Amino acid sequence: MILDKLFIIIGLLLAHFLNGSNVFELGNAVRPDFMVIFVVFFALRKGPMYGLWLGFFGGLLTDTALGGEIGGDNLVYYKIGLHSFSYAIVGYIVGKGLRSSYTENYISITIYILGLTFVSRLITYLLFLMFFHSNHSYSFLYVSLYNAFLGPALFFLFSWAYRLDGDEVRQ
């Protein structure tokens, strides 16, 4: 039981480090959001509480990588909690609402990842806009498409790495 949790934490940290790397970057700073894929995978496979907590802590890791921003009043503002909120909401809603209709195939995984990445990025962008300022370089569609392309392969890899069977989805 503890070993399972340890492997999940290692996967969360690996998704965080992959998000920060330039290895998968395409063109003008378009990178996949591995954290969303990781959160959606566990929300669909393990339920809403896994989605909520992994989304929360994965979002905190993502927020810590953003660093601070110096405002007009020469104070440093940190954006802690924006990704955390959006990932936690998406993880919980996915685990609660979409888990019963989830089927393990290429098309459904692609559609889920495409839509949920877009929703997650939209929530995060709206939070940026509400609390800070507009970020004109924030990508919705390209990151969503990139995630949708990588999602099925990563779901297969996660299923193998975490030894989750298809019948474990509907417990």
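Contact is taken here to mean heavy atoms within 4.5 Å. The structure is a predicted model, in which local features need pLDDT of at least 70 and side-chain atom pairs count only at pLDDT 80 or more, while totals for chains, interfaces and linings use all residues. Residues are numbered from 1 along each chain as its sequence is written, and side-chain values use heavy atoms, with hydrogens and water left out.

Helices are DSSP runs (H or I, at least four residues), as strands are runs of E of at least two, numbered from the N terminus. Within helix α5 lies S120, which touches V36, S86, Y87 and V90 when residues up to four places away in sequence are not counted. S120 counts as buried because its relative accessibility is 1%; the class boundaries are under 20% relative accessible area for buried, over 50% for exposed, and partly exposed in between (1.4 Å probe, protein chains only). T117 is also placed in helix α5 and is buried, with a relative accessible area of 0%. Leaving out residues up to four places away in sequence, T117 touches V36, V143, S144 and N147. The C-alpha atoms of T117 and S86 are separated by 10 Å, at 31 residues apart along the chain.

The packing of α4 against α5 was examined next. Helix α4 (residues 82–98) and helix α5 (residues 106–131) have axes that come within 9 Å and cross at roughly 145 degrees. Axes are lines fitted to C-alpha atoms, for helices over the stretch in contact, and angles run from 0 to 180 degrees between N-to-C directions. On the α4 side, the contact is made by L82, H83, F85, S86, Y87, I89, V90, V94 and L98, and on the α5 side by Y112, L116, V119, S120, I123, T124, L127, F128 and F131. By class, this contact of α4 with α5 has 14 nonpolar, 4 polar and no charged residues, where Ala, Val, Leu, Ile, Met, Phe, Trp, Tyr, Cys and Pro count as nonpolar, Asp, Glu, Lys and Arg as charged, and the others, Gly among them, as polar.

A nonpolar core is a set of buried Ala, Val, Leu, Ile, Met, Phe, Trp, Tyr and Cys residues joined through side-chain atoms within 4.5 Å. The largest such core has 31 residues, of which F38, V40 and F155 touch the most other members. At least two residues of this core come from each of α1 (2–20), α2 (34–46), α4, α5 and α6 (141–161), and α2 gives the most, with 11 residues. V40 touches V90, V94, I113, L116 and F155, residues up to four places away in sequence not being counted. Another core, of 6 residues, lies apart from the largest one and includes L82, F128, Y138 and F140.

The unreviewed UniProt entry carries the annotation "transmembrane region" for residues 6–24, 76–94, 106–128 and 140–162. For residues 6–24, the end C-alpha atoms lie 26 Å apart and the span is 79% helix and 0% strand. For residues 106–128, the end C-alpha atoms lie 33 Å apart, with 100% helix and 0% strand.

Two further positions were considered. S21 is found in the loop between α1 and α2 and is buried, with a relative accessible area of 17%. M49, in helix α3 (residues 48–66), is partly exposed at 46% relative accessible area.

Conventions
UniProt positions renumbered as here; feature names shortened; annotations may be inferred.
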